[in-house]
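Subject: Model handover

Hello,

Please find the structure below. My notes on it follow.

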Amino acid sequence: MNVVAPFEGIGASVKRKEDLRFLSGRGQYTDDIDRPGQTYACILRSPHAHALIRGIDLAAAKAMPGVVAIFTGADMTGIGGLPCGWQIHNKDGSPMAEPPHPVLAQGKVRHVGDSVAVVIAGTRAQARDAAEAIEVDYEVLPAVATMEAALGAGAPRVHDGVEGNLCYDWHIGDPAVNAAAFRGAHKVVEFDLVNNRLIPNAMEPRAAVGDYDPTTGDYTLYTTSQNPHVIRLLMGAFVLQLPEHKLRVVAPDVGGGFGSKIFHYAEEAIVTWAAGKLARPVKWTADRTESFITDAHGRDHVTKARLALDKDGRFLALHVRTLANMGAYLSTFSTSVPTYLYATLLAGVYTTPTVYAEVKAVFTNTTPVDAYRGAGRPEATFLLERLVDVAAREMGMDRVEIRRRNFIPADAYPYQTPVALQYDSGDHVATLDEALKVAQWDSFEARRAEAKTRGKLRGIGISTYLEACGIAPSAVVGALGARAGLYEVGTIRVHPTGSVTVLTGTHSHGQGHETTLAQLVTDRLGVPLAQVDIVHGDTAKIPFGMGTYGSRSLAVGGSAMVKAMDKIVAKARKIAAHLLEASVEDVEFDRGTFRVAGTDRTKSWGEICLTAYVPHNYPIEEIEPGLEETAFYDPKNFTYPGGCHICEVEIDPETGHVDVVNFTAVDDVGRVINPMIVEGQVQGGVAQGIGQALLETAVYDENGQLLSASFMDYQMPRAGDLPPVSVATHATLCTHNPLGVKGCGEVGAIGSPPAVINAVVDALKEFGVRHIEMPATPAKIWNIIHADHKLAAE
Amino acid sequence: MYDFAYHKPSSVADAVKLLAADPDARPISGGQTLLPALKHRLNKPSSIVDLSGIAELKGIRREGDRLVIGALVKHHEVANSPEVKAAIPALAQMAGTIGDTQVRNRGTIGGSVANNDPAADYPAAVLGLGATVVTDKRRIAADDFFQGMFTTALEPGELLVAVEFPIPEKAGYAKMRNPASRYVMAGVFVARTKDGVRVAVNGAGPGVFRQAEMEQALAANWAPEAVAGVRQSPDGLNADIHGSAEYRAHLVTVMAKRAVASAG
């Protein structure tokens, strides 16, 4: 009887290996880690957005029960500030303003939540009690809470050395060519919009445990990070000056990141440094309020755009001027988000021949802003896809037709855009047509009419997008100012009995790598999924890798694994050839079996693995024993997922409430390894996109106090806010990585917000609405309906 | 949270004694307001008097033309009680929309009414139905009980033991939730009883209040159209990042209309 093993390789929707531990409460998160003799840190945070610290009186706090130590900025001498990982240059070629970002405030606080002092005590409560007893003498200064205020004449300076609060004034594209194209235009559509500031709200708040062994001088940091080696490099080399062989960084199970856990935060340096000072472990765990005011926020752009069209609706030129809020300090990758991750995407899926973008990055007295799921690409996509809808209306054209007319044709790939990127593959007509079909676009007007009989305003919206991920070719990003390489590494460790441990430099914090990456091994080596384990997140175990963000894990990390597996197979074939007394060229390998071509002479995977580690009969003059290979992979290009999202909404005109009744996502993410996981990633991204479009926004008052600093006022999407999301993939393969994969982690959050807002604007079209800023809250929609138009009450 | 002493009395008399002995003691019922406040260190009681062990505060019973609900009865019990569903279906329906499943299985009617959060649901039902609040000392009419934001007629140390609802001919409730907190942004409870029509508004203002114009309109004509033209003045209503006073005023009319429609 033949028992056919279930297919577990590329393309199989196998269940996630990691979920048993997550769903049964056996995950090991940073806050679950307790070290012997552990102490607890509480950070005293600034209640003011901008103030001088005239004095700090620690006397009462030091006398509180359980207090081990209290440190302020004055104690942290000889320590570097938190570094920024990407240097942007101004239009004139000079480097951006890069003011210091102290770990603990040095005489001045610059946003609510800025770190002033740290209390270390025997319990969490004792640390907090003592922190409350610290007396800080603040001289409150006027704050700049908005970019408009920060750029105003005579505005208070966030950093004394940064004139006009301007971090950089950057541009991309050719202004002369661009201006000339506008002069020849049939029509110019002008459009202003805001991309609202978001707060990431990972389920697991940030946490860090610092540990130090005085007998060896070894430091260990356990932290909620998406990239432990990056933290080790930044913190070790730039902040604490600890040599890397004496510093281990562990990012264990991490409960969601969405970008916010890429960055090196002050608390990581504080607990590591304090553990060394005290020779005792120090743990810090954010409460939800701290998460709101200290996790790097996302988005926050204000943009003015102009689109030139010919008489047939073809795009001739795009000019974009964007202000990007950096917050009070430069978070690790903040400077790259509104430049190389944003303006380079402004061609979108269109053949616009010239794009010129100018971006000013601005300091304000608010929480730092950095990458958040999609990072720059949602901002570019929202701008383009709203602008295209506005242009269609003002040209009197159909929304779908104007897109078709301007699409980059499938046969034009590879396609060089006017903003640096060269897209390798895509088929926008295919994803559009499929989405229109799934969403029943053509029969929409009947549904609109039916909704009207129920007193509801129904609308439909579309977005056709493309993004760049799988970051990144090191030489390219290096030339653009990145201070890091963005290759990835994978080690395939084959054990004597044939099971496999993979060491990957990527990090899984919800994405399901322990399953997807194992499927690559199963597919290539024929080892059952249960016999493949993925190890990640510990610098003591894995080679130097760059972590997970920018939908890079499969495209870059998976490719490194493929390269390492190639080496494994090459060596294993030599062993097999020796045992089979054949020449290597004649030995074929196919999922677990080595065969002399054209014969029935075979050796199994297990036999070869055992022979590699028990090399009694072995070509020892030719190859070494063992079966373990490492490969580093540096991608040749970004990957370019894209697709079409269609959203259908119903608005209650009496309350302004928007109900998302249907959502269709047809995405081209390249080859799909696990369709179930891709569907989940897209649904999660769409949930975040709907959150941005309808629900979420960070609101500061004019003094820089965050008004939406809890779930009472910041609306995260709940299950009931979300529609059924139908997800389909239409793959064109990436042409430059061995798997043909593009990445699926961010597409949902990138493609969806404009589809939602386009639907809302469509639903409100009888009121002559040109645009509605995100989030389209009930009150905002009610104002639109009732301010100007027929349903006006009075 | 800060440290506090913890007591769990088994009778109202013992609870009242503990509360009287310590002016900084706080009673706790379902803890849906007090516990978050303690966790955020916004409240520092010297002791907590846990009422959950007091049998006489529990239970729902019909007494003639009144429905009596003990202070410790949870929202989930009210939502699913055959007695409530039969006597005042609008009250059961309302209780089924409070917070979420977890809140409804912890929060109690006594806690909600005594706390008098302007954005809570129960105060609208108590005022809209003209209920009587029963304490360990006295009986207080709803019209006298609610005195603005988080303020009631309860004296320090006085314990709410039950709420007595008259059984209306018709009653209905409709609300718009605050998009973030899901508390009430604007809600209206309408009731027609043998003593007349009552309309109570919650969420929109600094405290629950009666809407006299709507009561008159509905007394003349019990129909959604009767209130559709009655405008609530925005003066004194709440305004925040979620909506203006004008928006809330508008919602009061919309919710009144829907409440009457749901009452039938």
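**Helix 8 of chain B and what surrounds the rest**

Gly130(B), with a positive phi near 65 degrees, follows helix 8 of chain B. Helices (H or I, at least four residues) and strands (E, at least two) are DSSP runs, numbered from the N terminus. This is a predicted model, in which local features need pLDDT of at least 70 and side-chain atom pairs count only at pLDDT 80 or more, while totals for chains, interfaces and linings use all residues. Residues are numbered from 1 along each chain as its sequence is written, chains are lettered from A and ligands numbered from 1 in the order in which they are written, and side-chain values use heavy atoms, with hydrogens and water left out.

Helix 8 itself covers residues 122–129 of chain B, and eight of its eight residues are buried. Buried means under 20% relative accessible area, exposed over 50%, and partly exposed in between (1.4 Å probe, protein chains only). The buried residues include Tyr122(B), Pro123(B), Val126(B) and Leu129(B).

**Chain B**

Chain B has twelve helices and twelve strands. Its radius of gyration is 18 Å, which agrees with the value near 18 Å for a compact globule of 264 residues. That radius is taken over C-alpha atoms, and the globule rule is 2.2 Å times the number of residues to the power 0.38. Along the principal axes, the C-alpha trace of chain B spans about 55 × 45 × 30 Å. Of the 264 residues in chain B, 56% are buried.

Taking contacts in chain B between residues at least 6 apart in sequence, 58% join residues at least 24 apart; contact means heavy atoms within 4.5 Å. The accessible surface of chain B is about 10,800 Å², and 51% of it belongs to carbon and sulfur atoms. Accessible areas come from the Shrake-Rupley method with a 1.4 Å probe; for residues, only the protein chains shown count as cover.

**Chain A**

Chain A has 19 helices and 28 strands. Its radius of gyration is 28 Å, close to the 28 Å from the globule rule for 794 residues, so chain A is as compact as a globular protein of that length. The C-alpha atoms of chain A fill a box of roughly 90 × 70 × 55 Å along the principal axes. Buried residues account for 62% of the 794 in chain A. Among contacts in chain A between residues at least 6 apart in sequence, 80% join residues at least 24 apart. Chain A exposes about 28,200 Å², with carbon and sulfur atoms supplying 53% of it.

An unreviewed UniProt entry lists residues 24–142 of chain A as "domain: Aldehyde oxidase/xanthine dehydrogenase a/b hammerhead". The end C-alpha atoms of residues 24–142 lie 50 Å apart, and the span is 11% helix and 29% strand.

**Two loop residues in chain A**

His101(A) is in the loop between strand 3 (67–72) and strand 4 (108–109). His101(A) is buried, at a relative accessible area of 14%. Beyond its neighbours within four places in sequence, His101(A) is in contact with Gly81(A), Leu82(A), Tyr329(A) and Leu330(A).

Thr417(A) is in the loop between strand 16 (415–416) and strand 17 (422–423). Thr417(A) is also buried, at 4% relative accessibility. Not counting residues up to four places away in sequence, Thr417(A) touches Ala347(A) and Tyr423(A). Thr417(A) and Leu694(A) are 277 residues apart in sequence and 32 Å apart in space, C-alpha to C-alpha.

Regards

How values were computed
UniProt positions are given in the numbering used here, feature names are shortened, and annotations may be inferred rather than shown by experiment.
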